[in-house]
Amino acid sequence: MTIDALENNTTARRIREVFFSFLLWREKHISEKNFVIVLAFIVGIFSGLAALVLKFLIHYISTVLTAGVNLESGNYLYILLPAVGVVITALYVRYVVRDDISHGVTRVLYAISQNKSRLKRHNVYTSVLASSVTIGFGGSVGAEGPIVYTGAAIGSNLGRVFRMSPRILMILVGCGAAAGIAGIFKAPIAGMLFTLEVLMLDLTAVSVMPLLIASITSTTIAYVYTGYEFEFFFAQTEDFYTSRIPYVIMLGVVSGLISLYFTRVMSMMENFFGRFRNRWLKTLVGCSILSLLVFIFPPLYGEGYGSIVGLLGGDTSSIVNGSIFYNDRGEVWFLALFIGLIVLTKAFATSATNGAGGVGGTFAPSLYVGCMTGFLFAFVVNHFGWVELSTKNFALIGMAGVMSGVMHAPLMAIFLTAELTGGYDLFLPLLIVSTISYGTIKFFEPYSIYTMRLAKRGELLTHHKDKAVLTLLKINNVIETDFLPVYPDMTLKDMVDTIARSKRNLFPVLNERRELVGVVLLDEIRNIMFRPDLYRRMRVSTFMSVPPAKIEVGESMDAVMKTFDSTGAWNLPVVERGHYVGFVSKSKIFNSYRRVLRHYCDD
C-alpha cells in the first residue's frame with residue numbers, strides 16, 4: 001500500500017471517528033424531536049436544489065432540441081423526439097440504474113408502509129436524470145412524481161446517516177416529498193398538504209414543524225434563483241359572480257368523471273404494458289402510441305405547460321397551432337372537438353410514455369387535463385348561449401377539479417392551483433369544484449391513482465390508526481415456531497411423551513412431507529392421556545382435529561385479524577404452500593400491535 005493510500009485511509013478513519021463522536025454528543029444533548037427540525041431544514045435545501053436542477057435540465061434539453069425548428073409549420077419532428085427520449089431513458093434505467101424507478105409516488109408510499117421508510121441511495125439522483133431526458137425530449141408526463149421520489153430519498157438517506165428511528169425517518173421522507181413539490185411549484189402549503197393527503201402522514205405535534213420548515217426552505221430557494229413570478233401567471237380580468245356557482249358545481253361533477261376516466265385509463269394501460277414479457281417490444285409499442293398521439297395532437301408534447309399558460313391568458317392559438325388538421329378559419333366545432341380529444345387521449349399518452357420505459361409523473365398531466373376540461377366546459381356553455389362564462393376562470397377552476405379527483409387530495413388541489421397561478425380571488429369556486437370532484441370520484445373509486453396498487457395488496461398506510469398499525473406489522477415477525485410437531489401414526493404414548501417435553505398446549509400434526517394435516521389441543525385429549533390402557537391402541541390420527549383456518553405466509557395483518565375474528569380462534573397455524581411454518585397467536589399480535597402503536601404515535 002502506498003503512502004498516499006495510507007494517508008487517505010487515516011483521514012477517512014478520523015472523519016468517521018469525528019462523525020461518530022458527534023452522533024454520541026447529539027444523542028446526549030439534542031433530542032430526536034429537536035434534531036429532526038435541523039434535518040428538515042437540510043432536506044429542504046437539497047430538495048429545493050434538486051427541483052431547480054430538474055427544471056433546468058428539462059428546459060435546457062428541450063431548448064437545444066427545438067431551437068431553430070418551426071414547430072407550427074409542421075409537426076413531423078414530434079414523431080421522432082419523444083420516442084428517442086424514451087429509448088434513451090429505458091437504456092439508462094436498464095443498464096446504468098438497474099432498478100425500477102417508475103411510479104415514484106407509489107414507491108414512496110411502499111417504502112413508508114413496508115420498508116421502514118428506507119429508499120435506496122441512487123434514488124437521490126437517478127429519477128432526476130431519467131425524467132429530465134424523458135420530458136426534455138417531449139414525453140407526455142410531468143416532473144413532479146420524480147421530484148417527490150428524489151426529495152423522499154434525500155430525507156430517507158439523510159435520516160439513516162444520522163441514525164434516526166423509523167418514526168423520524170418517516171417524517172423526513174415526508175419532508176423531502178413536501179419540499180420537492182414546494183420547490184418545483186413554488187407552493188409551500190401545497191407541498192405540506194401533499195404529504196398529508198397523498199402520502200397520508202399524520203399532522204402531529206412532531207411532524208408539523210419539520211414539514212413546514214422543509215417546504216418553506218425549498219420554496220425560498222426556488223424564489224431566490226427563479227424570482228417571485230408565479231409558475232402560471234394568471235390575471236383575473238373577468239369577475240366571478242355568485243350566479244355562476246351552479247355551473248361551478250356542474251364542472252365539479254364533470255371534473256370528477258374526467259378524473260375517474262383518467263384513473264381507469266391509466267390503470268388499464270398499466271395492465272396492458274404489464275403483460276409484455278419482451279422489454280423492447282413493450283418499448284416499441286409504447287413509443288409508437290406516444291409518437292402517433294403527439295403527431296396528431298401536438299399539445300400532448302412534453303408537460304404541456306405552454307398550453308396551460310395560453311388558456312389561462314385567453315389564447316387558444318397555442319392549442320391548435322401545429323396540428324396537421326388545423327386551418328386558419330378556426331371553426332368552433334373544430335376547436336371543441338380538438339380539445340375534447342386531447343382530454344381523452346392525454347391519459348393514453350402519459351401511460352404510453354411510462355409504459356415504454358420513460359420516467360415521469362401524473363401531476364402535470366392531471367393539471368393539464370383539468371385546464372382543458374374547464375376551458376372546454378365554459379366554451380361549450382358559451383357557444384350554446386346559456387350564459388356567458390369566463391373561459392380563463394373556468395380553465396383555472398378545472399385544474400383544481402381534476403387534480404382533486406385524480407390525486408384524491410382536495411385541499412392540496414385548492415392550494416396548489418392558487419399558489420401556482422396567484423388565483424386567490426377564485427378561492428370560493430376552487431373550494432366548490434375540488435370538493436364536488438373529490439366526492440364524485442370517491443363514489444366510484446375509493447383509492448387514488450397512487451394508492452390503488454398498494455391498497456389491492458393490503459400494503460397501504462392510511463390515516464386510520466388501526467389499519468395503519470396493522471399495515472406496519474408483518475406476519476413473519478409474529479410467527480412462533482417453538483411448537484413440537486407430532487405425526488398421524490404416532491401412538492398416544494408417543495403423544496404423552498411429546499407433551500412432557502413441550503412448553504405448549506398445542507401441537508401441529510404433520511405428514512412425511514411436513515404438510516399440516518391437523519392439530520392436537522391438550523385440552524381435547526386431557527381425559528384420555530392418563531389412561532395407560534389406551535397408549536398403544538390409539539393413534540394421533542384418531543384424536544387430531546382440523547384447524548379452523550390456516551394463515552398463508554405473506555398475508556397482510558389486516559387479513560390475518562379478519563381470519564381471527566371470523567373463526568374466534570386464539571392460535572392459528574401458518575403455512576407456506578401447505579407446508580407447516582409455525583403458529584401465530586392473538587396475544588403475540590396484540591403485544592406487537594401495542595409496541596408499534598406506541599412507537600409511531602408517541603408524540
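## Close-up views of a predicted model

**View 1. The side chain of Asn511 reaches the backbone nitrogen of Glu515 at 2.9 Å.** In this predicted model, the side chain of Asn511 also has a polar atom that lies 2.9 Å from the backbone nitrogen of Arg513. Asn511 itself is placed in the loop that runs between strand β1 (506–510) and strand β2 (516–521). With a relative accessibility of 12%, Asn511 counts as buried, because buried means under 20% relative accessible area. When its neighbours within four places in sequence are left aside, the residues in contact with Asn511 are Tyr487 and Val517.

**View 2. The largest nonpolar core of the model has 141 residues.** The members of this core that touch the most other members are Phe185, Phe194, Ile308, Phe363, Met407 and Met412. Apart from this core lies another one, made up of 17 residues, with Leu492, Met495, Leu534 and Phe543 among them. Ring pairs, in turn, link Phe185, Phe194 and Phe363 into a cluster.

**View 3. Helix α16 spans residues 391–407 and is mostly covered.** From its first C-alpha to its last, this helix of 17 residues reaches 24 Å, which is close to the 24 Å expected at 1.5 Å a residue. Of the 17 residues in α16, 17 are buried. An α-helix has 3.6 residues a turn, so residues three or four places apart point the same way. After α16 comes His408, a residue whose phi is positive, near 55 degrees.

**View 4. Tyr223 and Tyr228 form a stacked pair of rings.** A search of the whole structure finds 15 aromatic pairs. In the pair of Tyr223 and Tyr228, the ring centres are 4.8 Å apart and the planes stand at 15 degrees, so the pair is described as stacked; the angle matters here because planes under 30 degrees apart count as stacked. As for the two residues themselves, Tyr223 is partly exposed, with a relative accessible area of 23%, whereas Tyr228 is exposed, with a relative accessible area of 67%.

**View 5. The charged end of Lys346 sits over the ring of Tyr368.** The distance from this charged end of Lys346 to the centre of the Tyr368 ring is 4.7 Å.

Technical notes. Residues numbered from 1 in each chain as written. Predicted model: local features only at pLDDT ≥ 70, side-chain atom pairs only at ≥ 80, totals over all residues. Heavy atoms only, no water. Helix = DSSP H or I, 4+ residues; strand = E, 2+ residues; numbered from the N terminus. Buried < 20%, exposed > 50% of the residue type's maximum accessible area, 1.4 Å probe, protein only. Polar contact = N/O pair within 3.5 Å; in protein donor to acceptor, adjacent residues only side chain to side chain. Contact = heavy atoms within 4.5 Å. Core = buried A, V, L, I, M, F, W, Y, C linked by side-chain atoms within 4.5 Å. Expected span 1.5 Å × (residues − 1). Phe/Tyr/Trp six-rings, centres within 6.5 Å; stacked < 30°, edge-to-face > 60°. Lys NZ or Arg CZ within 6 Å of the ring centre and 35° of its normal.
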